[in-house]
Amino acid sequence: MTAGFDLDAELAAGREDAKRQVERERTGAGKAIAAALESGAAGKAPSPKAVGLVRRAVRTMDEGHAAAAKAAKLCLKAIDMEPDFALAHQAMALCLERLGRLSSALGFYQRAYDLDPRNADLYLNLGMLAWKLDMLDTAETFLRLHTKMAPHSMAGTSNLAGLLRDQQKYADSIEILRAAIYANPDSPDLWNSLGTTLLESGDLHQAATFYQEALRLNPDFDRAHHNLAYCLDLMGDLDAAVSHFRTALSLGPTQVDKTTMEHGLSLTLLAAGRFEDGWALYESRLSPHYKHSVHFHVDAPRWDGLDPEALKGKRVLVVGEQGLGDEVAFASLLPDIIKAAGPDGEVALACERRLAPLFQRSFPGLEIVNHSTAQREGRTFRVTAPLAGGPPQIWLAPGTAHRAFRQSRGDFPARPHLAADPERVAALRETLAGFGAGPKVGLLWKSLKMNANRSKYFASFDAWRPLIETAGVTFVNMQYGDVADDLAEVKRVTGVEIKQVEGLDLKDDLEGLTALGAALDLTVGPMNASSSLTAAAGGRVWLLHGSPAPWTLLGSDEVLWYPGSRSFTADTFGAWGPLLRTVADELAEFARRAAAA
């Protein structure tokens, strides 16, 4: 493996970021190698000098990119001295993992395996790498082999449970952790892992109990503080969540963990209506250390949102960020940005191509170009088309502008900020009139991207039955994606036909979708692109939130980006049944008032 291996070229090639962001449990792989070196389990009696080089490497490999690169050089020296030194190959693979060179790491792991297939920790390493590469079945095989060979391995048990959790095999994960805790009741790592499995399965109260037990055993466990904070946030206990987030940050977490914690704290602060601190920490979403960050490629300095004078007289490029819903909500800041640039400045907007016609009508005179987004090696990259007037002098992600322009509820717009096509609205009203009597109510019930984890944040379609059976209402589909089976099931079970506007592509024709939302008497559903477009264009929208204090309410009882919208929140996280029964009662009253008008 080392013949012709060029570490400098590897480093210059940059990171091969994982397809899955995997957080290795606290028992470090480097520590396992160090322990093997101390015990003498180093394979074919390597020279003391080679052992010393590897020992130095594993002490420093987790201290950042530069340290990992230096550690890799030490491992290569050891391998040059002792080509059959299995632990040196294993340590080299770990260094390359830290440096983001995953495919090269796999080659060194393979060599270590060839030299010492009885090394149980090697199976753990291979399992973790396969997990990062989204090879979940392979990862499970390696991790189960590791736990079979090393049944008392805390790292093996915790990571196998985490992998099963990632596959939504919650019962299997719980069973493994319960057995491990029975044998090791004083392990805070195991209690923390069990808490996370229960949280992901939707049992927040039990999860909080187990996180608290982890912290009783180790009050300085930063990740347990973070996990408990996230759990408390979902439960609506925002003050307690803020306290645990701040404690986690005070305990010196890694840079990646620190960024994740700052982002979580920002959302909790915003959920509590604490704008100044919340918007400041919300900048963590743009950090390269944040696993969901978008990497923008703009050849200009980025505005930090602190001083609007920095925009005055400049050619400013606003680049839409995150998903469609964020682009729609944050577009309400464009008038503020244009005003800050002043008469001597220019503002251009790069947006998702489907939004361009709608934004052009809503902000006439604004130069609008498309941005393009690509996924590569687990990261999201966004580039923009060239501007007709030349390159920008400064650019910004619109979420950042909240720091300057949205420091109180009164700073949010009093009127909708998007304008639907009036001709299409009129035509769709005629179409809707042909659907029958009663108010026409748009219905959307899920995100297009659904999996077992994400489904906790959206009601099951079955839970909608009390609302769908509301008398005196004609329902119209506003849900994009393939919903034919859902609509057929609704008609079979309830006898209710949810109408569809023929020829309207709800996913790609966002002009048509927005016009439909404006033409309807009411739209009901979670906060996603469809409901956001409807609300931003002034359509009547009831937004459903599956937790008591979602951050998007910003400490209010309504979504401030969308004046005139109405929000309904669950009493406890995921309590969709009672929430939808409440909305059904309100809808029945809405229908009665419409009939009496």
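**Notebook: strands, a helix pair and some loops**

I began at strand 7 and found three bridges joining it to strand 9, the two running parallel. I am working on a predicted model, in which local features need pLDDT of at least 70, side-chain atom pairs count only at pLDDT 80 or more, and totals for chains, interfaces and linings use all residues. Residues are numbered from 1 along each chain as its sequence is written, and side-chain values use heavy atoms, with hydrogens and water left out.

My terms for elements: helices (H or I, at least four residues) and strands (E, at least two) are DSSP runs, numbered from the N terminus. Two strands pair if DSSP finds at least two bridges between them.

**Entry 1: strand 7 and its sheet**

I looked up the other partner of strand 7 (residues 440-443). Four bridges join strand 7 to strand 8, again in parallel. I then went residue by residue. Gly442 stands opposite Val476 in strand 8. Gly442 also has a bridge partner in strand 9, namely Thr523. Leu443 is bridged to Asn477 of strand 8.

Next I checked the two faces. In a regular strand the side chains alternate between the two faces of the sheet. Here Lys440 and Gly442 point one way from strand 7, while Val441 and Leu443 point the other way. All of them are buried (buried is under 20% relative accessible area, exposed over 50%, partly exposed in between, with a 1.4 Å probe and protein chains only).

Five strands form an open sheet in the order 8-7-9-10-11, with parallel pairing. Strand 8 (474-477) and strand 11 (566-569) are the edge strands, each pairing on one side only. Neighbouring strands of this sheet are turned by 25 degrees against each other on average, direction ignored. Helix 25 (residues 529-536) packs on the sheet and touches strand 9 (522-526) and strand 10 (541-545). The direction of helix 25 makes about 140 degrees with that of strand 10. For such values, axes are lines fitted to C-alpha atoms, for helices over the stretch in contact, and angles run from 0 to 180 degrees between N-to-C directions. Contact means heavy atoms within 4.5 Å.

**Entry 2: strand 2**

I asked how many residues of strand 2 are buried. The count is five of five, so I noted strand 2 as mostly covered. Arg315, Leu317 and Val319 lie on one side, Val316 and Val318 on the other, and all are buried.

I listed the partners. Strand 2 is joined to strand 3 (residues 346-351) by five bridges, and the two run parallel. In that pairing Arg315 stands opposite Glu346. Strand 2 also pairs in the parallel sense with strand 6 (residues 394-396), over three bridges. There Leu317 has Trp395 as its bridge partner.

**Entry 3: Ala310**

I moved to the loop between strand 1 (294-297) and strand 2 (315-319), where Ala310 sits. Ala310 is partly exposed, at 26% relative accessible area. Leaving aside neighbours within four places in sequence, I found Ala310 in contact with Trp303 and Ile394. Ala310 and Ile394 are 84 residues apart in sequence, yet 8.7 Å apart in space, C-alpha to C-alpha.

**Entry 4: helix 13 against helix 14**

Two packed helices are described by the angle between their axes and the distance between the axes. Helix 13 (residues 222-235) and helix 14 (residues 238-250) pack at about 160 degrees, with axes 8 Å apart. The pair is therefore roughly antiparallel (angles under 35 degrees count as roughly parallel, over 145 as roughly antiparallel, 65 to 115 as roughly perpendicular and the rest as oblique).

I also noted the residues that meet. From helix 13 they include His225, Leu228 and Leu232. From helix 14 they include Ala241, Phe245 and Ala248. By class, this contact has nine nonpolar, four polar and two charged residues (Ala, Val, Leu, Ile, Met, Phe, Trp, Tyr, Cys and Pro count as nonpolar, Asp, Glu, Lys and Arg as charged, and the others, Gly among them, as polar).

**Entry 5: positive phi**

Which loop holds Asp134? Asp134 lies between helix 7 (120-132) and helix 8 (136-149). Its phi is near 65 degrees, a positive value in a residue other than glycine. Asp134 is partly exposed, at 37% relative accessible area.

Leu554 is in the loop between strand 10 and strand 11. Phi of Leu554 is near 55 degrees, also positive in a residue other than glycine. Is Leu554 buried or exposed? Leu554 is buried, with a relative accessible area of 1%.
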